[in-house]
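Hello! Here is the structure I promised to pass on to you.

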Amino acid sequence: MKNLLVVLIPLLPLLGFAVSGLFGKRLGKSATGLLASGMVLLSFLCAAALAMLHFRTGDSAIVVNLFSWIRMPGLSIPMGLLVDPLSLMMVFVVTGIGFLIHVYSIGYMHDDDGVARFFSYLNLFTFFMLVLVLADNFAVLFIGWEGVGLCSYLLIGFWFKNHAFNGAAVKAFVVNRIGDAGFLLGLFLMAMTFGSLSFAEVFSRAASFGSGAPAITLITLFLFIGASGKSAQIPLYTWLPDAMAGPTPVSALIHAATMVTAGVYLVIRSNALYALAPLTMAIIAAVGLATAIWAGLIALSQRDIKKVLAYSTVSQLGFMFLALGMGAWSTGFFHVFTHAFFKALLFLGAGSVIHALSGEQDIRRMGGLRKALPVTYATMLAGTLAIAGIPPFAGFFSKDEIFAKVFEHAPALWAIALAGAFVTSFYMFRLFFLVFHGEFRGDATAKHHLHESPKVMTAPLVVLALGALGAGFAGLPEIFGAPHWISDFLAPVTGRGESHLSHATEWMLMGASVATGLLALLFAWVRYGVKGRVPAEDASVTGVARWSLGKFFIDELYDRAIVKPLFRFSAWIHDVLDRRGLDGAVGAIAGISPWLGQQVRLLQTGNTAFYLFAMALGVFLILFVATLR
Amino acid sequence: MSLYLILSILGALVLLSSLGRGKRLVVPLAIAGLLGALAVTGMGLGLDHPLLKGMAEFDRYAVLFSCLLLVLGTLVVLLLTNPNERSDIPRVEMAALLLFSLTGGIMMASFAHLVMLFLGVEILSIPLYILAGARKRERAGNEAALKYFITGSFATGFLLFGIALIYGATGSFSTRAIAAWAEANPAVFTPMFHLGLLLMLVGLAFKISAAPFHFWAPDVYEGSPSIVTSFMSTVVKVAAIAAFYRLFSEAFPAAADAWSWVIAAVAALTLAVGNLGALAQRSFKRLMAYSGISHAGFLLLALLSVGPGSAGALWIYAAAYSFATLIAFVSLLAVEAAGGGESLEALSGLGRRNPFLGVCLTISMLSLIGVPPLAGFFGKLFVFGNAVSQRHVVLVVFAVVMSAVGMAYYMRPIIQTWLRPPAGSPFQLSTSQAWVLGIATAFVVLLAAAPVWVMRFL
Amino acid sequence: MGPITLDHYVFLSAALFCLGVAGVLIRRNILVMFMSLEIMLNAVNLLLGSIAAFRGDAAGQVFVFFIMLVAAAEIAVGLAVMVMVYRNTGSIDLKDLSNLKW
Amino acid sequence: MMSSILFYGLSTLLFAAALLVILSRNPIHSALWLVTAFFAVAGHYVLLNAQFLAAVHVIVYAGAIMVLFLFTIMLLNLNKETEPQHSLLVKLAGLVAGGMLLVVMVGALRRSSAETASDLATVHSGTVGLVETLGKVLFRDFLLPFELSSILFLAALVGAVVLGKKELGE
C-alpha cells in the first residue's frame with residue numbers, strides 16, 4: 001500500500017504529461033488544464049495519505065526499490081525512491097504549490113494557443129521535480145535534476161517562437177551546464193571514493209573519513225557548484241533574470257518555488273557530507289551572503305516587475321545558503337518552505353497585474369491599481385509583508401531564525417545580513433507602492449482595460465496568501481514556548497540544531513530585524529507612497545534641480561546622502577559589474593565558444609591540399625613529441 | 001567464418017539479382033540475408049572455424065560489435081527502398097556496395113591479424129569512395145568522392161607503414177604475438193615498434209575522423225547522398241572505433257605509456273574541433289558531421305581507459321551514438337523528400353508537420369546531448385566514469401565542458417522542430433522510414449536497460 | 001662501404017615514403033598525386049619485403065601481395081572517380097574542387 | 001661488396017626516379033619515371049632474394065597499374081602540362097614537410113640500429129622467396145584474407161563500372 005502510494009506520487013504527473021501531450025488538442029483547453037491540475041492534486045493527496053498513514057507513528061523513512069538500474073563491478077545503482085521527512089515536505093511544497101499554480105495557469109493561459117503543450121510541460125516538470133526530491137541516490141536525483149532543467153528550458157522558450165534563437169538563450173544554457181558539469185564530477189568522485197551513490201551508504205561511509213578530508217571537501221565543492229548553478233548563486237546566477245521571458249506561472253513554479261531551491265535541497269540532503277567539510281561550509285556561507293546582498297542591490301533599480309522579483313529570488317536563495325553555511329539545515333529548509341509560499345504568491349500576483357494590463361511589465365507605467373485589483377492588492381500585500389519579514393507573516397519567522405543562527409556564529413555577518421534585509425524590504429515596498437498606490441501612469445486605453453483577474457486566478461492567490469500568513473507558524477521560535485514543528489519533523493534527517501542564545505538576545509535580534517523591515521517600509525512609503533516618485537528619476541542627475549526648489553531639507557539630505565548613492569551604486573552594479581563584469585566573465589566562456597566555432601569552421605577551407613597538409617603536420621607533431629619524450 | 005560467408009555470398013547474390021527481373025527483390029533479399037546473418041551471429045553458429053587460422057577471432061567483443069554493425073547495416077539498407085533518393089548509381093549496385101562495405105566493417109571488428117585489419121579497412125572504404133560520388137553529375141558529389149579517396153589513401157599509407165614497422169620490430173602480424181613481444185620486452189620498446197604504433201594510430205584516427213585528421217569528414221558528409229552519409233557516420237564510425245579499440249587493447253596494452261598521451265591529446269583536440277565547429281554550422285547535415293567528429297573524441301576517451309568495463313562502455317557509447325545519428329539522418333532524408341533542403345531551417349515546425357518524426361528527432365538529439373535516462377547518457381556515464389577511474393580527470397573535465405557546448409547546438413534542431421512555424425505542409429513518412437525511425441528510437445530508449453547486460457556479457 | 005643491413009632498407013623505405021608524402025603535398029594534379037600515393041605504397045612494400053628477407057619469414061612477402069592487390073583495386077577506383085570528375089569539370093586540378101567548405 | 005654497389009646504385013636510381021615523378025610537370029613524364037622507379041624496386045627485391053615477389057611486382061605495377069595510368073592519360077588526353085605553375089613557396093612547404101617527416105622518422109629509427117643489427121644482419125639465403133614457400137603460406141595461413149580479398153576486387157570492379165560508364169542519353 002505505502003509503496004504504491006510512493007510510486008504514484010511521481011507517476012501521476014507523468015501520466016498527466018502523457019495524456020495532455022498526446023490528446024491535449026482533442027480534449028480542449030479547460031479539460032486539459034483540469035486534468036493536469038487534477039493529477040498534481042492527486043499526487044498531493046497521495047503524499048498526504050502517506051503522511052497520515054506512516055509518519056504519525058514515528059517511521060522515519062520508506063525506501064522503494066523499483067528495479068536495479070545500473071549494475072557493474074564496484075557500483076550498483078537501484079532505481080529507488082526514498083520518502084523521509086525531508087523529501088515528504090518537499091513533495092508537499094512541489095505538489096501543493098504546484099497545484100495552485102496549475103489552477104492559476106488555467107486562467108492565465110486561457111487565450112494562448114499552446115495550452116495543451118503548456119500543461120504537458122508543466123506536468124512533466126512536476127514529474128521530474130518529484131523524481132529529484134524522492135530519489136534515494138544521487139544518480140536518480142541527477143535524472144530529476146537534468147529533467148527539470150530541460151523542462152525549464154522548454155517553458156522559458158514557450159513564447160519564444162517568433163524570435164531568433166539568440167545568444168542569451170545559449171548563454172543561459174551553458175551557464176546551467178557548467179553547474180551540471182560540477183555536479184557530475186562530484187558524482188564521479190563520489191562513486192570513486194565511496195563505491196556507491198546511494199544516500200545511506202555514502203553518508204555512512206563518509207563518517208569514517210573524518211572532518212576536513214580532502215576527498216570530501218572536493219566532492220562537496222563540486223556538488224555546491226552544481227547547486228549554485230541551479231539555485232542561481234554568484235557567479236552562476238545570471239541566467240535566472242533572463243529566464244523571466246517565460247510565462248509568469250512558470251516563473252512562479254520553477255524559478256521561485258521549486259526548481260531553484262533544488263540546489264538548497266541538494267545541500268540539505270547531503271548535510272552529512274557537508275558537516276565534514278568546514279571549508280566548503282565557509283565558502284557556501286560567503287557565496288550565500290554575497291549573493292543575498294548583491295542581488296538585493298540590483299533589485300533596487302529594476303523597472304520590470306518580474307525582474308525585481310527575479311533578483312529578489314536570487315537574493316532570498318542567498319539567505320538560504322547563508323543558513324546552510326552556518327550548518328543550520330532545518331533553518332535553511334524552513335526558509336525554502338516559507339519562501340515557496342510568498343514568492344509564488346508574489347509572482348502570481350505580478351502575473352495578475354500583468355494580465356490586467358495586457359502584458360505591461362514596466363512598473364513606471366503602473367500605479368494606483370489597488371482599486372481596480374482589490375484581491376490582487378490584498379494578497380500582494382500579504383506576500384510583501386511576508387518577504388519583508390514583518391510579523392506575523394511567514395517570512396519573519398524563517399528569516400529571523402536564519403539571523404539568529406548567523407548571529408550565533410558571526411555577529412559581523414549578522415550586521416551585513418541585516419543590511420540585506422533592509423534592502424529586501426525597501427525594494428519590495430518600492431515595488432508594492434509603485435504598482436498599487438499613487439495614480440495610474442499608463443495610457444487611457446490601458447486604464448479602460450483594467451480588470452480584476454477571474455476567480456480561477458484569484459482563488460490560488462488567496463490560498464497562497466493564507467499560506468504566506470500562516471506558514472511561519474510551522475516553526476515558532478523557542479522563546480514562544482511552542483514546539484518548532486518543522487525542526488522536529490526534519491530531525492531524523494538533519495539532526496537537531498541547538499541554540500545557545502539567551503532569550504534576551506533572541507528578543508533583541510527579533511526586534512532589530514522587525515525594526516529594520518519597518519524602517520525600510522517607512523522609507524519606501526515616504527518616497528513612493530506619499531511623494532509619488534517614479535523610478536525614472538531614481539538614477540538621474542537632474543534631481544539637483546528639484547532639490548534647489550527648497551524642499552524639506554532633511555528629506556533631501558537623506559535623499560542625496562543615502563538614497564541616490566544607493567541607487568547609483570545599484571545601477572552601477574547592474575550596468576557595469578553585472579552586465580559587463582560578472583555576466584561578462586560567465587558569458588565569456590559561453591561567448592567565446594561561438595567565436596572559436598567560427599574559427600574552426602573557417603579552418604575548413606575546402607582545399608584538399610590543406611587537409612592533407614594538416615594530416616601530415618599532425619603526424620609530424622605526434623612523432624616529434626614522441627621522439628622528444 | 002559463417003558470417004563472412006553469408007555476407008560475401010549475399011553481396012554476390014544481390015549483384016546477380018540485377019540480371020533477370022529480380023530487381024524488386026533486391027532490398028528484401030538483402031534484408032533477409034542480413035537478418036539471417038544477425039541470427040547466426042547472435043546464436044554463435046559456426047562463427048569460429050579451423051579455417052580462420054588465427055586470422056580472425058569471434059570473441060564476445062567481436063560478436064557484440066558485429067551485431068551492432070549488422071543492425072545498423074540492415075536499417076540503412078532498409079532506407080534504400082525509398083524511391084526519392086537522388087542517385088545515379090542503381091539501387092542494386094548500391095545495396096551490393098553497402099553489403100561489401102559492411103563485410104569490411106565486420107572484419108575490422110573481429111580481426112586477430114593485421115592483414116585482416118588492413119583488408120577490412122580497405123573493403124570498408126573502397127565501396128564508400130564510390131558511393132560518396134553516387135550523384136555522378138553533381139560537382140558536390142564528385143568533390144566528396146575525390147576528397148575522400150585522396151585523404152583516405154593517404155591515411156592508408158601511414159597505416160601500412162606502421163604495420164610494416166611493427167612487423168619489423170616484432171616479426172609477426174598477429175595481435176597476440178605482438179602483445180606477447182611487447183610483454184617480453186617491456187623496458188624499452190624499440191624505436192621501430194614505437195614509430196609503427198604511432199603511425200597505425202594515425203591511420204585509424206583518420207577513419208574515426210579524429211582531429212587533426214578529420215578535415216575530410218564535413219566535406220565528404222555534405223557532398224555524399226544522405227543515405228550514404230548515414231552509413232558513413234554510423235557503420236564506418238562504429239567499425240573504425242571497434243578496430244581501434246581491438247588493436248590497442250589486444251596488441252599494445254603493454255605499451256600504453258607510448259600511446260595513451262597521443263590518444264589523450266588527439267581526443268582533446270577532437271572534442272574541441274567537433275563541438276566548437278558544430279556551433280557555427282547552418283546546415284543540419286554539416287552539423288551532424290561535426291557531431292560525428294565530437295563523438296569520435298568521446299569514443300577515444302574509452303580507449304584511454306582500457307580495462308574491465310571499458311569495452312562495454314565503448315559499445316554502449318557507440319550504439320547510443322549511432323542509433324541517434326541514424327535517426328537524425330532519416331529525418332534529414334524525410335525532410336529532403338518533402339522538398340526541404342539540408343539547412344537547419346528546413347526542420348522548422350517539423351513537430352507539427354509530422355509529430356512522430358519530431359518526437360524521434362528530439363529523442364535522438366537529447367540522447368546525443370546525454371540526457372538521462374536515454375542511451376547517450378549511459379554511454380557518457382560509463383566512458384567518463386572509466387576515464388576518471390584511470391586518473392584522466394583533467395581530460396574528463398574538458399570533455400564535460402565540451403559536452404556542455406554540445407548541448408547548445410543539439411538544442412537547435414529541437415528548437416526548430418517545436419518552436420518555429422512550419423516550413424511546409426504536413427507530410428507522410430514512407431513505410432521504410434517509419435520502420436527505421438521506430439526501431440532506432442526504440443534502441444535509443446531501450447538501450448538504457450542494456451548496460452547491465454552488456455557489462456555482464458563482455 | 002659496409003655490408004648492407006636491414007637498417008639500410010629501413011632508411012631507404014622511410015626516405016621513399018616521405019618522398020611520396022611530399023609528392024602528395026606539393027602537387028595539385030590528381031594524376032600525379034595518385035602516382036605519389038603509389039610511391040608511398042611501394043615504400044611500404046619494400047620495407048616489408050626486406051624485413052621478410054632478413055627475418056627469413058615468408059609472411060611479410062605474402063603481405064606485400066595483399067598490398068599490391070589493394071593498390072590495384074584502389075587505383076582502379078581512384079581513376080574511375082577521376083574520370084568522373086573530369087567529365088563534369090573538365091579539369092584534374094584539385095584546386096578546382098573546393099566548393100564544399102566551412 | 002657487389003651487393004653493396006648494387007644496393008646503392010638501385011637506391012640512387014629509385015630515389016632519383018621518384019623525385020622526378022613528383023617534380024615533372026608533364027603527367028606522361030611522371031608516369032614514365034614511375035615505371036623506372038618500379039623497376040628499381042623490383043631490382044631491390046631480386047637483391048633481397050625475393051625473385052617471385054619481383055616478378056609479381058613487375059606484373060602488377062608495371063603491367064597493370066601503369067597501364068591503367070597511361071590509359072587514363074590517353075583517354076582524357078591529359079598529356080599537356082595542365083598544372084599551373086605553383087608558387088615556389090607551396091613546393092618548398094611540401095618538400096619541407098616531407099623532409100621534416102623524414103628527419104623525425106630517421107631520427108627515431110636511428111637508435112634502433114644497434115638492437116636489430118645483431119640478429120638481422122644478413123639476408124636469409126634460404127627458400128623464403130621461392131614460389132613454393134610463398135604459396136604454402138598464402139594458401140594455408142592466409143587463406144581467409146585471400147578469399148576475402150575477392151570481395152575487394154568485386155567492389156572495385158562494380159565501382160569502376162558504375163562510375164565510369166556513361167548514362168543513357170548523356
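**What I found**

In chain A, among contacts between residues at least 6 apart in sequence, 82% join residues at least 24 apart. Please keep in mind as you read that this is a predicted model.

Let's stay with chain A for a moment. This chain has 25 helices and two strands, and buried residues make up 58% of its 629 residues.

One helix to look at is helix 18 of chain A, residues 411-436. With 26 residues at 1.5 Å a residue, helix 18 should span 38 Å, and its end C-alpha atoms are 37 Å apart, which agrees. Is this helix enclosed or open? Of its 26 residues, 19 are buried, so helix 18 of chain A is largely enclosed by the rest of the structure. After the helix comes A:G438, with a positive phi near 75°.

Now for the place where two chains meet. Here, 46 residues of chain B are in contact with 44 residues of chain A. Several helices of chain B each supply at least two residues to the side that touches chain A, among them helix 6 (139-170), helix 11 (256-279) and helix 16 (375-389). Which helix of chain B gives the most to this side? That is helix 17, with 11 residues. Sorted by class, the side of chain B that touches chain A has 36 nonpolar, six polar and four charged residues.

Also in chain B, find B:I227, which lies in helix 10 (residues 226-250). B:I227 has 24 other C-beta atoms within 10 Å; a residue counts as buried at 20 or more, so B:I227 is buried.

Last, please turn to chain D and its helix 2 (residues 27-47). This helix has 21 residues and reaches 30 Å from its first C-alpha to its last, close to the 30 Å expected at 1.5 Å a residue. Its buried residues include D:W33, D:L34, D:F38, D:H44 and D:Y45. What covers the buried residues of helix 2 of chain D? The cover includes helix 1 (2-23) and helix 3 (51-75) of chain D, together with helix 2 (30-55) of chain C. Just after helix 2 of chain D, D:N49 takes a positive phi of about 70°.

Happy exploring, and do write back with any questions!

Definitions and conventions:
Residues are numbered from 1 along each chain as its sequence is written. Chains are lettered from A and ligands numbered from 1 in the order in which they are written. This is a predicted model: local features need pLDDT of at least 70, side-chain atom pairs count only at pLDDT 80 or more; totals for chains, interfaces and linings use all residues. Two residues are in contact if their C-beta atoms, placed from the backbone, lie within 7 Å. Helices (H or I, at least four residues) and strands (E, at least two) are DSSP runs, numbered from the N terminus. Ala, Val, Leu, Ile, Met, Phe, Trp, Tyr, Cys and Pro count as nonpolar, Asp, Glu, Lys and Arg as charged, and the others, Gly among them, as polar. A residue is buried if 20 or more other C-beta atoms lie within 10 Å of its own, exposed if 12 or fewer, and partly exposed in between; C-beta atoms are placed from the backbone. The expected span of a helix is 1.5 Å times one less than its number of residues.
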